[in-house]
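I have kept to a few local features.

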Amino acid sequence: MLDMSWGEVMLIGGVALIVIGPKDLPKALRTLGQITTKVRRMAGEFQSQFNEAIREAELEEVRRDVEGVKRTVDSARPTFNPVDAIRNEIRSAVEGRPGSGSKDAGAKETGSFDVPRPTPGQQADQMHGAPAHAAVETSSTTPGTKPETGPTP
């Protein structure tokens, strides 16, 4: 309480008893207690209003920071779309075209690769150990015609 020792409090009480008198001392102490309570209440209200003003100032600063970040994101949004960028990279990797993100009119929608499949005759030649150039020769036949077959080894 204001850094007073018990000796100082006793001295103040003795002087108050002599000056005010024993009859009016309880009334004076009650009034002093009420004044002290009012002063503490006013100090608490002042402190709470001061703290609220500080919080509002900090909140306003944070709000400005958030709005600045939002404006930055909104300005960057039309130029960068990570989902579209990833989608285009995957399409170009699957279609075998580096850097191209658009599909051709003739590209298949299934996403499968167009790998030439060997004909049954080519498969048989490969299974029986025919040289690789023989498989290439038989692939030069036109579709719808039978490849010429020679004697089987």
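The points that follow take up the helices, a surface patch and a ring pair.

1. This is a predicted model, in which local features need pLDDT of at least 70 and side-chain atom pairs count only at pLDDT 80 or more, while totals for chains, interfaces and linings use all residues. Residues are numbered from 1 along each chain as its sequence is written, and side-chain values use heavy atoms, with hydrogens and water left out.

2. Helix α1 covers residues 6–20, helices being DSSP runs of H or I with at least four residues, numbered from the N terminus. Just after α1, Gly21 adopts a positive phi of about 100°.

3. Val15 lies in α1 and is partly exposed at 46% relative accessibility (buried is under 20%, exposed over 50%, partly exposed in between, with a 1.4 Å probe and protein chains only). Together with Leu11, Ile18, Val19 and Ile20, Val15 forms a nonpolar surface patch with about 540 Å² of accessible area.

4. One aromatic pair is counted, where ring centres must lie within 6.5 Å and planes under 30 degrees apart count as stacked, over 60 as edge-to-face and the rest as tilted. The rings of Phe46 and Phe50 have centres 6.3 Å apart and planes at 20°, so this pair is stacked.

5. Phe46 and Phe50 are four residues apart in helix α2 (residues 25–76), and therefore separated by about one helical turn. Phe46 is exposed at 58% relative accessible area, whereas Phe50 is partly exposed at 47%.

Definitions and conventions
Patches are made of residues with over 30% relative accessible area and no salt bridge: like charges are joined within 9 Å, nonpolar side chains (Val, Leu, Ile, Met, Phe, Trp, Tyr) within 5 Å. Accessible areas come from the Shrake-Rupley method with a 1.4 Å probe; for residues, only the protein chains shown count as cover. A salt bridge is a side-chain nitrogen of Lys or Arg within 4 Å of a carboxyl oxygen of Asp or Glu. Helices (H or I, at least four residues) and strands (E, at least two) are DSSP runs, numbered from the N terminus. Rings of Phe, Tyr and Trp (its six-membered ring) pair if their centres lie within 6.5 Å; planes under 30 degrees apart count as stacked, over 60 as edge-to-face and the rest as tilted.
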